[in-house]
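I opened the notebook to go through one structure, topic by topic. My entries follow.

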Amino acid sequence: MLGLMQDRPLALPHVFHRAEQYFGHKKIVTAEASGETTTTIADWTVRVRRLATVLDTLGISADGRVGTFCWNTGRHLELYLAAPCTGRVLHTLNIRLFPEQLVYIANHAEDEVVFVDRSLIPLLAPLADKLDTVRHYVVIDDGADVAVPDGWLDYEELLAAAEPFAGQFVVEDENTAAAMCYTSGTTGNPKGVVYSHRSAVLHSLITLVADGSALSERDVVLPVVPMFHANAWGLPYGCLLAGTDIVFPGPNMTPKAIAGLLESHKVTVTGGVPTIWMGMLPLLADHDLSSVRTILCGGSAVPRSLSENYRKALGVPMLHAWGMTETSPIATISTLRTQHDSLTEDERADIRARQGQAVPLVELRVVDPETGEPQPWDDVASGEIQAAGPWIAKEYYRGEGGGAQFTEDGWLRTGDVASVDRYGFVRLVDRTKDLIKSGGEWIGSVELENEIMAHPKVAEAAVIAIPSEKWVERPLACVVVKPGETLTPEEIIEFLTPRVAKWWLPDAVEFIDEVPKTSVGKFSKKTLREKFGGYQVAGPTSHDQA
Ligand code: AMP
């Protein structure tokens with residue numbers, strides 16, 4: 001027997017029409033290079049309708065890829081809707097990628113047009129000759145004092161000349177592609193993840209659930225997480241569904257600028273990677289951030305100390321989430337549960353430092369990466385996390401990677417190694433490729449660096465494997481000391497001794513100025529491995545003494 005409910009597509013036109021119908025009075029603020037601009041959602045929806053016409057006028061194919069090379073702005077949000085609502089595929093290009101990766105990605109996706117913020121022209125213009133399928137460049141003037149190449153079109157002129165598309169946007173098949181985003185790919189070529197309308201709508205709803213960021217119409221949301229990386233964690237569509245006010249930071253992503261916006265717009269919900277919140281820590285005392293109720297944080301492990309510092313200063317710890325481009329990205333969120341009610345504040349901080357439980361509709365399992373055997377959820381056994389759900393990728397664009405990242409029964413191999421406690425709270429210990437194998441036993445580099453970052457004088461730390469004749473691999477800690485502080489390797493080891501197994505203690509500590517980062521702000525261990533690849537440790541290691 002079949003259910004007798006209407007079969008209506010889960011598609012982004014609904015998100016647009018809902019915002020248009022109910023939230024016309026709400027605000028979208030963007031901090032442009034030339035100052036703040038404010039529009040109402042009502043005016044913004046008319047602009048989206050004009051943009052839909054512009055895409056037709058430019059001759060973009062029915063499912064053509066619409067590239068964006070933009071900061072977080074209200075105009076980027078116009079593209080977020082106009083492209084998929086007209087059946088095209090939004091392709092957010094990561095402005096921080098290396099030139100050759102950008103060229104590869106734009107050609108692989110066959111972008112037909114690229115919309116570019118004027119301030120970013122210097123990064124894109126030198127590549128234009130190599131972008132084989134791009135027929136138009138459209139410049140969004142953000143007030144930057146940068147020359148526009150001949151033949152590049154002006155966004156505002158195109159919009160002004162276009163009639164707003166009249167009527168309802170329709171996407172009949174919810175499985176139609178809505179957007180794509182390439183993995184940041186530390187090995188091999190980046191791979192394309194193609195989101196459907198259905199996956200985008202369902203994933204955005206997670207930003208509205210009470211156990212997540214619980215977006216409501218009363219919120220003012222500032223997405224720091226870039227719109228060019230993994231859908232800005234679902235916030236753009238989530239804000240429109242909930243009817244929040246939105247504040248976009250534009251090109252100035254410094255902690256000072258973000259703190260200023262949080263204060264002046266009385267932002268209630270924000271989200272970004274740990275680096276941004278670490279940078280803002282010294283500024284907390286200078287700003288009234290009492291409006292902030294939720295700080296979503298993820299993309300890399302959220303150090304316990306960072307979350308605790310925010311809890312102590314603002315009364316708001318980080319809301320820790322985990323995911324990846326392939327998971328849209330939200331897969332887990334670390335919300336405390338009733339079983340944690342009796343814990344001390346200190347123990348709660350340990351739970352918050354975990355990546356959390358799978359969000360509704362996402363399923364996780366932990367398996368031995370070699371045998372595929374499921375591992376018990378006892379917080380001791382560890383293995384690769386595999387994920388399944390309606391917003392988890394089932395393959396890459398054009399079958400790249402030959403299916404190696406997907407299991408025979410259709411789960412995504414995340415490449416992240418974790419233990420899970422009996423309540424289902426994930427604790428990520430490493431990436432499979434970053435694990436350190438010392439004498440046949442695994443050392444979790446992420447776990448070790450989290451412990452080092454708990455030291456009050458440490459700003460950042462990354463741990464990598466260095467070769468060892470006896471143990472095959474041993475840990476090297478690369479540590480960034482906070483400005484004005486001094487530290488010795490011995491102090492680090494002394495601090496770690498009661499915190500980790502003896503044979504986990506790093507054999508060497510190198511002090512560096514900054515941990516190198518990837519295009520999406522994660523620790524680039526590849527760069528560190530290149531730098532310290534030939535490192536030799538003299539004398540016995542802590543594994544010898546364990
Ligand atoms: P990307 O696809 O660029 O977003 O990168 C995804 C990867 O970032 C994941 O596979 C993890 O290795 C890492 N990551 C994301 N969130 C977290 C987190 N909360 N804790 C630790 N690692 C994370």
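Which exposed residues does the face of α14 turned away from its buried side carry? I found Glu490 and Glu494 there. Exposed means over 50% relative accessible area, buried under 20% and partly exposed in between, with a 1.4 Å probe and protein chains only.

A note on the source. This is a predicted model, with residues numbered from 1 along each chain as its sequence is written. Local features need pLDDT of at least 70, side-chain atom pairs count only at pLDDT 80 or more, totals for chains, interfaces and linings use all residues, and side-chain values use heavy atoms, with hydrogens and water left out.

Helix α14. I then turned to the buried side of α14 (residues 489-496), where I listed Ile492, Phe495 and Leu496. They lie on the same side of α14 because they cover an arc of only 95° around the axis, taken from the directions from the helix axis to the C-beta atoms. Helices (H or I, at least four residues) and strands (E, at least two) are DSSP runs, numbered from the N terminus. The buried residues of α14 pack against α13 (445-453), β23 (458-468), β24 (472-481) and β25 (508-511). Contact here means heavy atoms within 4.5 Å.

Aromatic rings. My search of the whole structure gave ten aromatic pairs. One of them joins Phe165 and Phe169, stacked at 4.7 Å centre to centre with 10° between the planes. Rings of Phe, Tyr and Trp (its six-membered ring) pair if their centres lie within 6.5 Å; planes under 30 degrees apart count as stacked, over 60 as edge-to-face and the rest as tilted. Phe165 is partly exposed at 29% relative accessibility, whereas Phe169 is buried at 6%. Ring pairs also link these two with Phe16 and Trp44 into a cluster.

Charges over rings. I noted the charged end of Lys191 over the ring of Tyr396, 5.4 Å from its centre. The charged end of Arg365 sits over the ring of Trp411, at 4.1 Å. The test asks for NZ of Lys or CZ of Arg within 6 Å of the ring centre and within 35 degrees of the ring normal.

Thr244. I placed Thr244 in the loop between α8 (235-242) and β11 (245-248). Thr244 is buried, with a relative accessible area of 1%. Leaving out residues up to four places away in sequence, Thr244 touches Lys26, Leu215, Ser216, Glu217, Asp219, Val221 and Cys239.
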